[in-house]
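Have a look at it first, then read on.

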Amino acid sequence: MASRSCLYAFLLLLAFQSTVIKANTVVLPPQCRPVPAGTLARFEFLVNLIIAQAEFFLRSSNGTRIEDIAPGLVQGPVPIGATVANLDNATRAAIREFGLASVGILRAIVDETLLRAPLPRPQLNFTAEVFNRILNLSGMTPPFNVYGSPTQFLLVTEPLISSLQFYLAQFIPSIAGNAPQQLAAGIGLTAAAQVGYFRTRLNAMVNSPVPPFTMTVANFTNTTATAVNQLALCGVKNEGLIVPLSLGAENQTTTNVVTGDVNSLSPRRTEREVLRIAFGTGNATRPGGIYPSGLNGTLYRLIVALRQS
C-alpha cells in the first residue's frame, strides 16, 4: 500500500510539473516563429545584414566602400543614396571604426564557414527618405535627414542596429557546432557593444530637443521604437530611452539605457521580423526600403517560396 501510494503521489507530482511547464511556456504566433534552416543558410542570411551595415557606416563616415578596405571580399550593385553625413570628428571616427569592424566580421565569416568570396551584395537603398518611411519620420517640417547632424544620424541608426542585435540573440542559439557558435557569439558581442555606444550617446542628451525640431531625443526614440515594433508584428522589443515603470528594469525605473525583456535579457527577433523592418513594408516577402530587390541566399528564397510573410 505504501509503495502504491508513493507511486500515485509521484505521478501526481509529474502531472503538476507538466502543467506548470505548459503554463509558463510562451506559445509564439506563427508569424513570430523562426524559419527552420541550417547553419550555413543562417550565416548566408546574416551576411546580407552585415554587408548593409558595413556599407552604410563606411559611406556615411567618409565615403569609402567595402572594396576600398578589402578588395574582392564582396561583389554586387552599388548602393543607392549613400551620403557622407554631417558628423563631428569623434562620431565620424566611431562610425568609421564600426564600418571597418563589419568588414572584419565579413572576412571572419569567409574564413570560418563554407561561404566564399566574393560575397554577393544585395541592392541597397540608403536614401534619407527610406529611413524616414521605416521609422515613421516622413512628413516632418523641415524634412528629417539622417545625414544632417550627429544627433539625427544616431537617432536613425540606433533602432536599426538594435534590431540586428536582437536578431543575433535569436541567431546564436540556432547555430550548430562549436566553432560556428564561437563565431556567432563574437559577432553578437560586437553588435551589442555598438548598440551600447549609440544608446549611451543618445541618453546623454535624452531630454534635449533635436534641432531644428521641438521633439526631444526621448520623444524621437519612442517614435522610432514604436515604428519598428509595429513593422515587426511581434510585440514590444525595441524601446525608447524613457519607458513606463512597467517596462523598466524590475519595474523600478523609467530610464532605459539598455533595452531588455521582463528579465532584462536581450529581446530576440527572427529573420522575418528583420525583413519586415528593413523592407519597411511589414511583410517579409514584399521587398522595399533598405533592400528594394530583396536579399541573397537560400533562407531568404525559402521564406519567399513559402510565402512566410
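## What counts as a pocket

On a 1 Å grid over the protein atoms alone, a pocket is an open set of points with protein on both sides within 12 Å along at least five of seven lines, and its lining residues have an atom within 4 Å of a point. Grid points are joined across faces, edges and corners, and a volume is the space filled by probe spheres (1.4 Å probe) set on the points.

This is a predicted model: local features need pLDDT of at least 70, side-chain atom pairs count only at pLDDT 80 or more, and totals for chains, interfaces and linings use all residues. Residues are numbered from 1 along each chain as its sequence is written, and side-chain values use heavy atoms, leaving out hydrogens and water.

The largest pocket has a volume of about 300 Å³. Its lining has 14 residues, with L28, K237, D261, P267 and R268 nearest the centre. They split into six nonpolar, three polar and five charged. (Ala, Val, Leu, Ile, Met, Phe, Trp, Tyr, Cys and Pro count as nonpolar, Asp, Glu, Lys and Arg as charged, and the others, Gly among them, as polar.)

The second largest pocket holds about 200 Å³. Among the residues lining it are K237, D261 and P267. Its lining has four nonpolar, four polar and four charged residues.

Helix α9 (residues 271-279) packs against helix α10 (residues 298-305) at about 85°, with axes 12 Å apart. So α9 and α10 are roughly perpendicular (65 to 115 degrees). E271, R272, L275 and F279 of α9 meet L299, Y300 and I303 of α10, where contact means heavy atoms within 4.5 Å. Five of these residues are nonpolar, none polar and two charged.

Technical notes
Axes are lines fitted to C-alpha atoms, for helices over the stretch in contact, and angles run from 0 to 180 degrees between N-to-C directions. Helices (H or I, at least four residues) and strands (E, at least two) are DSSP runs, numbered from the N terminus. Angles under 35 degrees count as roughly parallel, over 145 as roughly antiparallel, 65 to 115 as roughly perpendicular and the rest as oblique.
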